[in-house]
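Visitor: I would like to learn how to read this fold. Where do we start?

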Amino acid sequence: MHISPHIVSDVMTHTVVAVGRDASFRDIVKLLQQWKVSALPVLEGEGRVIGVVSEADLLLKEEFRDSDPDRFTQLRRLSDLAKAGGMTAADLMSAPAVTIRPDATLAHAARVMTQRHVKRLPVVSDEGLLEGVVSRADLLKIFLRDDEEIAEEVRKEILAPLFPAAQEPVRVEVSDGVVTLTGRVGDTSLVPIVARLVRSVEGVVDVDMALSGGTRARNPG
């Protein structure tokens with residue numbers, strides 16, 4: 001059984017703006033504004049990702065502009081203070097960069113973003129070369145899948161293998177990503193498995209199960 005082989009390369013942005021380690025503070029700000037993004041990969045050599053510079057990194061300069069932090073704050077936020085005085089991407093970037101591979105699942109990408117508190121991830125090859133960027137908005141694209149496409153996947157990839165000899169097919173309806181299953185099944189012990197598998201289909205928002213046990217006898221007339 002093969003369910004929704006959607007990976008990062010299916011949704012990522014392939015055209016990416018990036019900067020070199022010597023890019024100036026002002027040039028970085030200009031690019032962020034021009035491309036309407038919140039962070040830029042920092043590259044060296046033939047395109048190897050060495051860090052990411054974000055709006056949060058740049059805003060430290062403003063945060064500490066008029067402040068005179070006490071000794072405790074200086075020790076606690078030593079890295080932030082160093083960035084506040086930074087003039088180039090190499091000074092300002094967060095390194096090493098949090099990256100992801102193009103063949104990673106969307107679920108894995110979402111977990112990395114959540115755990116590392118980032119909004120976008122550079123997508124890199126096995127050699128660490130930049131191939132694209134995936135953002136939170138990109139991951140949410142999967143919930144725009146066509147309802148009938150979802151329904152067809154549920155029928156073919158889940159119901160057909162689990163109930164190959166069913167006298168009556170389980171009815172599948174999908175509305176705004178909510179899957180409703182109705183009908184009779186011979187083995188009700190499979191119902192929780194069906195629910196779990198349907199929820200694993202990408203684009204599914206929720207599942208409404210209305211499956212009962214047993215099969216109706218065919219009308220001989």
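Guide: With handedness. A crossing is left-handed if the near helix is turned anticlockwise from the far one by less than a right angle, and right-handed if clockwise. Helices (H or I, at least four residues) and strands (E, at least two) are DSSP runs, numbered from the N terminus. By that rule, α9 and α10 make a right-handed crossing. The model is predicted: local features need pLDDT of at least 70, side-chain atom pairs count only at pLDDT 80 or more, and totals for chains, interfaces and linings use all residues. Residues are numbered from 1 along each chain as its sequence is written, and side-chain values use heavy atoms, with hydrogens and water left out.

Visitor: What is the mean pLDDT of the protein, and where is confidence lowest?

Guide: pLDDT is the predictor's confidence in each residue, from 0 to 100. The protein averages 89, and 93% of the residues score at least 70. Among the elements, helix α4 (residues 71-76) is lowest, with a mean of 72. Strand β1 (residues 19-20) is highest, at 98. Over residues 215-221 the pLDDT stays under 50. For that stretch the model has seven contacts beyond four places in sequence; contact means heavy atoms within 4.5 Å.

Visitor: At what angle do α9 and α10 pack?

Guide: Axes are lines fitted to C-alpha atoms, for helices over the stretch in contact, and angles run from 0 to 180 degrees between N-to-C directions. Helix α9 (residues 147-162) packs with helix α10 (residues 191-199) at about 160°, and their axes are 11 Å apart. So α9 is roughly antiparallel to α10. Angles under 35 degrees count as roughly parallel, over 145 as roughly antiparallel, 65 to 115 as roughly perpendicular and the rest as oblique.

Visitor: Which residues of α9 and α10 meet?

Guide: Val 154, Ile 158, Leu 159 and Leu 162 of α9 meet Val 194, Leu 197 and Val 198 of α10. That contact has seven nonpolar residues, no polar and no charged. Here Ala, Val, Leu, Ile, Met, Phe, Trp, Tyr, Cys and Pro count as nonpolar, Asp, Glu, Lys and Arg as charged, and the others, Gly among them, as polar.

Visitor: How do α2 and α3 cross?

Guide: The axes of α2 and helix α3 (residues 55-63) come within 11 Å and cross at roughly 130°. Therefore α2 is oblique to α3. Their crossing is left-handed. Phe 25, Ile 28, Val 29 and Leu 32 of α2 touch Glu 55, Leu 58 and Lys 61 of α3.
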